[in-house]
Amino acid sequence: MENIVIAIGCTECGQTPVMPYVGGRFDGKDFSSLAKYYLGSALLRCGFDVVNVSKTTCEPQDIVMVSNRYGIDAAVIVSYTAFGSRKSFNGVHGSVVRYSQGRFMTKSRVMCEDICAKLSLYRDCTTSPDGTLGSAICQTAIVDVGYSTCFEEAKLIHDPDFAVQTAEHIAMGICENLGMPYVRRDDIMSYPMLCSAATGKRGKKIKMLQTLLCANGYDVDIDGIYGKATDTAVKTFCINNDMIGCDGVTSAVWRDLLLLNPKHLEYRSRDNAVRYIQRKLLCKLYKCPQSGELDDETLAAISQFLAENGSELTVSKEYGVSADVIKFISPIGGGRPRLF
């Protein structure tokens with residue numbers, strides 16, 4: 001199979017207007033960084049190779065420069081956009097997929113149309129030319145996923161499920177464009193088992209593991225090498241997720257990295273599922289710490305959400321948080337309404 005290499009990156013997106021209830025602004029880069037990692041994971045799972053241009057945000061010109069230097073086949077940048085001064089919310093919404101107008105304009109436009117078609121399966125989406133990408137010598141796209149100045153889309157900045165959904169649909173469009181089969185995210189057979197003696201192993205699947213570790217808050221280099229830092233991150237992840245004695249990267253580890261099976265959470269537990277709940281509550285505009293620990297404040301926020309949304313489910317220090325509660329919190333969108 002041909003080795004198709006795709007460069008991925010995310011840009012500085014700016015902040016939203018002040019969000020009601022939580023009394024602060026959301027930063028678009030929090031979404032674009034997470035979506036970039038999930039996009040990298042999806043592309044690697046589908047057989048592409050991926051170059052992560054920067055651990056942090058970068059300018060579109062940076063990813064163009066990297067793509068040109070290393071002979072990348074395609075480049076995709078994930079971003080959030082805005083309309084107006086960012087001082088107040090307005091009604092402009094939807095996704096915009098922008099393509100370069102340079103040497104590869106036609107191929108870029110076709111790729112953007114394929115991405116747009118997949119994003120249009122769940123939200124409004126259009127394509128548009130972008131002059132800043134003119135120097136690219138490969139097909140290039142900037143995906144402005146939503147508007148931080150649209151109230152409902154601003155809330156989605158902290159929604160991890162929206163980041164996953166967006167990344168998967170972008171990957172579907174790229175697969176369509178480049179003739180690669182799309183592999184479903186929940187196809188656990190596409191994730192390799194790696195024993196604890198995997199140190200030194202290399203490949204795309206190692207990169208996929210590293211991108212998912214980064215998405216879950218573990219700072220590792222995405223170099224495709226199962227080195228000491230990656231092994232330490234895996235062991236730390238297993239300890240934090242109550243998988244004591246786990247021998248390497250098993251199917252259970254992959255499922256927890258992907259959060260495929262919600263599980264019961266004990267009070268004071270530290271788990272990636274707790275971080276998930278905290279992000280979901282914040283995007284629904286409930287004040288909640290983002291510590292990754294199921295503490296009193298998080299339980300109070302969950303209880304408030306359940307009560308305000310008509311659920312008979314409960315949480316407590318003694319019982320913790322059930323899988324049913326997590327499922328009730330998980331739908332994309334919703335949450336508290338706009339006040340002004």
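Me: In helix 4 (residues 151–155), by what part of the helix are Glu-152 and Lys-155 separated?
Reply: The model is predicted, so local features need pLDDT of at least 70 and side-chain atom pairs count only at pLDDT 80 or more, while totals for chains, interfaces and linings use all residues. Residues are numbered from 1 along each chain as its sequence is written, and side-chain values use heavy atoms, with hydrogens and water left out. Helices are DSSP runs (H or I, at least four residues) numbered from the N terminus. Because Glu-152 and Lys-155 are three residues apart in helix 4, their separation is about one helical turn.

Me: Is Lys-263 buried or partly exposed?
Reply: The side chain of Lys-263 meets that of Asp-271 in a salt bridge of 3.3 Å, N to O. Asp-271 has 4% relative accessibility and therefore counts as buried. Lys-263, by contrast, has 25% relative accessibility, so its class is partly exposed.

Me: What is the relation of helix 1 to helix 5, judged by the angle between them?
Reply: The axes of helix 1 (residues 28–45) and helix 5 (residues 160–178) come within 8 Å and cross at roughly 45°, where axes are lines fitted to C-alpha atoms, for helices over the stretch in contact, and angles run from 0 to 180 degrees between N-to-C directions. Angles under 35 degrees count as roughly parallel, over 145 as roughly antiparallel, 65 to 115 as roughly perpendicular and the rest as oblique. The relation of helix 1 to helix 5 is therefore oblique.

Me: How are helix 1 and helix 6 oriented to each other?
Reply: Helix 1 and helix 6 pack with their axes 9 Å apart, at an angle of about 160°. The orientation of helix 1 and helix 6 to each other is therefore roughly antiparallel.

Me: Which residues does Asp-221 touch, not counting residues up to four places away in sequence?
Reply: Asp-221 is placed in the loop between helix 6 (204–215) and helix 7 (228–240), and with a relative accessible area of 49% Asp-221 is partly exposed. Asp-221 and Lys-55 are 166 residues apart in sequence, yet 8.4 Å apart in space, C-alpha to C-alpha. With contact taken as heavy atoms within 4.5 Å, the residues that Asp-221 touches are Lys-55 and Gln-210.

Technical notes. Helix = DSSP H or I, 4+ residues; strand = E, 2+ residues; numbered from the N terminus. Buried < 20%, exposed > 50% of the residue type's maximum accessible area, 1.4 Å probe, protein only. Salt bridge = Lys/Arg side-chain N within 4 Å of Asp/Glu carboxyl O.
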